[in-house]
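The lead comes first, and the points after it are grouped by topic.

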Amino acid sequence: MTELEYQPVSFKDVLIEMKDIAELMVDLAYSAILFENKEIAREVVSLEESMNQLVYQARIQSILGARRVEEAESMSGMLQVAEAAEKISNSASEIAKIILKDVKFPSRLKQALPEAEEVTFRVKVRDNSSIDGKTLGEQKLQSTTGMRVIAIRRGVSWMYDPDRETRILDGDILIAKGLEVGIRPFYEITGNDPRSGEEEAAGAVVSDLDRAVSLIIEMKDLSELAVGLAYTSLMFNNREVADEVVSLDSRMDDMRYKLDLWILEAAKRISNVEYLRGMLYMSSFAEGISNAASLIVDVILRDIEIPPVFKKIVRESDEIISKVSIDESSSLAGKTLKEASLGTITGMVVLAIESGDRWKYRPGKNTVLNAGDVIIAKGRRDGECRLYTLSKAGHNNGSENLTGCE
């Protein structure tokens, strides 16, 4: 085990890095399952070592930073957020470790993962592509396709969590994550035939596991939604959103019980139950992430003061959360989410919509956007500016303009 050593660094920077690493570990863990890749799984385990160092730094900083009772209470809330990020990373690491132990997953599950709300897929950059030789920042992939590159394989080497300065070359294999509608434009940009985006199905190990597989995909989607809403509730000090996170966590518990029952029933009818173990681990993984989200909102539910620095933590991380109000003359007003194509135009994922005094969480593609609605979305900074521009009509409409987008 790596020896931990204290290094003077700001608590804010530690929490930003913890949030980014935890989210990357989740993305890479699902990628390792989908592509049966032990090298990616080993990177997840390696990232856990980095997380352990950050947790140590966070604990030391919380002790050094509290001089009065009020400061200690505020710091305890921040430390609880840090512990939630650690819990998420631990869940991702556990999945990676079972992959390294050759635990099998049904092929039906690997076929279904691309059906999740945010899909993960890989594609090879062709020599005739428009992205060849450009940096990710120059191409602005997420705000033009809705896809975020989480890993790149070049020859025998891997680059994880590439930044805007990373240059893409022909022959690179990109692993990307985003909304399904972005697959076609992403294939086109990388010089591939969009029709080749669908790979041949390998055939299900056991057909009666379809219900269980669908439930796992639902659990994956809900767990990621819960984390996004948890950060939203703290960022905007919103107890109603925090209550929704608790409700999602309770729903996840019920889904876990139902899933375990279905898997046990399936075990009676197949000879090779080894493939079922991976399903049980997957449900535990999603539930662990949801539990971490509940740990985050517990800060709000117990009325612990949230220091102003928390907003900076969310705003300066890799994936930010935005709050935008739709102007009466906005081009978005009256359109459904599908018609607005926010995923491909901005790269932002809509977590919730506030309409009047009602909230709609996890809105579907047929949800209509109306003037005065408030959109809560997550994504990159350049995508946020596009969303902000679309939401207004030539003037500031009351949106919470946190980035200075004009």
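In this model, which is predicted, an open sheet is formed by 4 strands in the order 5-8-6-7, with antiparallel pairing. Strand 5 (320-325) and strand 7 (358-361) are the edge strands, each pairing on one side only. From one strand to the next, the twist averages 20°.

**Inside the open sheet**

- Strand 6 (residues 349-355) pairs with strand 8 (residues 374-379) over 5 bridges, in the antiparallel sense.
- Within this pair, valine 350 stands opposite alanine 377 of strand 8.
- Strands of a sheet pair through backbone hydrogen bonds, and the pairing can be parallel or antiparallel.

**Strand 2 and its partners**

- Strand 2 (residues 147-154) has 8 residues, and 6 of them are buried, so the rest of the structure largely encloses this strand.
- Strand 2 is joined to strand 4 (residues 173-179) by 6 bridges, and the two run antiparallel.
- Valine 149 has alanine 176 as its bridge partner in strand 4.
- Strand 2 also pairs with strand 3 (residues 157-160), through 4 bridges and again in the antiparallel sense.
- Here the bridge partner of isoleucine 152 is methionine 159, in strand 3.
- Strand 2 and strand 3 make a hairpin that has 2 residues between the strands.
- In the turn of this hairpin, glycine 155 has a positive phi of about 65°.
- In a regular strand, side chains alternate between the two faces of the sheet.

**Helix 9 and helix 10**

- The axes of helix 9 (residues 239-267) and helix 10 (residues 274-301) come within 9 Å and cross at roughly 165°.
- An angle over 145 degrees counts as roughly antiparallel, so helix 9 is roughly antiparallel to helix 10.
- The crossing of helix 9 past helix 10 is left-handed.
- Sorted by class, the residues in the contact of helix 9 with helix 10 are 17 nonpolar, 5 polar and 7 charged.

**Length and end of helix 10**

- How far apart are the end C-alpha atoms of helix 10? They are 41 Å apart, which agrees with the 40 Å that its 28 residues should span at 1.5 Å a residue.
- Aspartate 303 follows helix 10 and has a positive phi, near 55°.
- An α-helix has 3.6 residues a turn, so residues three or four places apart point the same way.

Definitions and conventions:
Residues numbered from 1 in each chain as written. Predicted model: local features only at pLDDT ≥ 70, side-chain atom pairs only at ≥ 80, totals over all residues. Heavy atoms only, no water. Axes fitted to C-alpha atoms, helices over the stretch in contact; angles between N-to-C directions. Parallel < 35°, antiparallel > 145°, perpendicular 65-115°, else oblique. Left-handed = near helix turned anticlockwise from the far one by under 90°. Nonpolar A, V, L, I, M, F, W, Y, C, P; charged D, E, K, R; others polar. Buried < 20%, exposed > 50% of the residue type's maximum accessible area, 1.4 Å probe, protein only. Pairing = 2+ DSSP bridges. Expected span 1.5 Å × (residues − 1).
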